[in-house]
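Visitor: I would like to learn how to read side-chain contacts in a model. Please take me through the rings and then the charges.

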Amino acid sequence: AQTVHPDAVSRIYHSINWMNDPHWIKSGIWCPFHFYLNGIALSIWNNPIYTPKLLNIVFSCLTLIPFFQYVKREFNENGALIATIFLAICPILFRNSFQALAGTSFLFFLVLSTNYLSKALRDKNLSYSLLSGLTIGVAAGIRYEAWLLMMIYWLIIVLKKEWRHSFLFGSIAIIFPVIWLITNWMETGDPLFGIHANYTWTLDIMGNNDSLDFESHLRRIWFF
């Protein structure tokens, strides 16, 4: 499989630049943690063709473990096995394993956080709430979707009236988004620079939502 997705190629070049000059990225259109992961991997094996894909394959395989544990805990073992098989062949996991995109590592940390949170609430164990907040915080440093999801997770904890869990989870999870908002504001004058720039490029310039036919809607439904 070739890394031909334009975003994937751009991410590889960003990762190479970071590998050559490691530093804390203060602003940007994309969240920076994916560049750190790729950059560290490239510093071990400097092969921009294979290394990012191998890293994503590892993340894809590892994602299946906490996913199975979560579904088994919340439902049953047979359901967990079937759901894990479907996840293994889902495009966001299988297809993206062969690209240098951020979705694979993002999904790993999101599923890991979900599994930790489930265990924290089931076992009344605060340490797992801390781990859940930490891992979804890493996911938030990879893709912006985690920002919304961490708020949903926090609201679920609050609705369950687990006040200590909600405080611990929220205080850890929010660290990166707060830092990213502040540093983007300091660098660009817009704390939501990345989100606004993504919106402008995707919808206004590329027109990704223009003239969507029935087949395009089906493709999006299957992908997500």
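**Rings and charges**

Guide: Keep in mind that this is a predicted model. Tyr-50 is partly exposed, with a relative accessible area of 48%. Trp-45 is also partly exposed, at 43%.

Visitor: How is a pair of aromatic rings described?

Guide: By the distance of the centres and the angle of the planes. The count here comes to 13 aromatic pairs. Among them, Trp-45 and Tyr-50 are stacked, at 6.4 Å centre to centre with 5° between the planes.

Visitor: What kind of pair do Phe-108 and Phe-109 form?

Guide: Their planes stand at 75° and their centres are 5.0 Å apart, so the pair is edge-to-face. Phe-108 is buried at 11% relative accessible area, and Phe-109 counts as buried at 13%.

Visitor: Which residue lies over the face of Trp-30?

Guide: Arg-11 does, at 4.3 Å from the ring centre.

Visitor: How many salt bridges does the structure hold?

Guide: It holds 4. One of them joins the side chains of Glu-74 and Arg-122, at 2.6 Å from N to O. Glu-74 lies in helix α3 and Arg-122 in helix α5, so this pair ties together parts that are 48 residues apart in sequence.

Visitor: What separates Asp-123 and Lys-119?

Guide: About one helical turn, because they are 4 residues apart in helix α5.

Visitor: Is Glu-162 buried or exposed?

Guide: Glu-162 is buried, with a relative accessible area of 16%. Its salt-bridge partner at 2.4 Å, N to O, is Lys-124, which is exposed at 53%.

Methods. Residues are numbered from 1 along each chain as its sequence is written. This is a predicted model: local features need pLDDT of at least 70, side-chain atom pairs count only at pLDDT 80 or more; totals for chains, interfaces and linings use all residues. Side-chain values use heavy atoms; hydrogens and water are left out. Rings of Phe, Tyr and Trp (its six-membered ring) pair if their centres lie within 6.5 Å; planes under 30 degrees apart count as stacked, over 60 as edge-to-face and the rest as tilted. Buried means under 20% relative accessible area, exposed over 50%, partly exposed in between (1.4 Å probe, protein chains only). A charge sits over a ring if NZ of Lys or CZ of Arg is within 6 Å of the ring centre and within 35 degrees of the ring normal. Helices (H or I, at least four residues) and strands (E, at least two) are DSSP runs, numbered from the N terminus.
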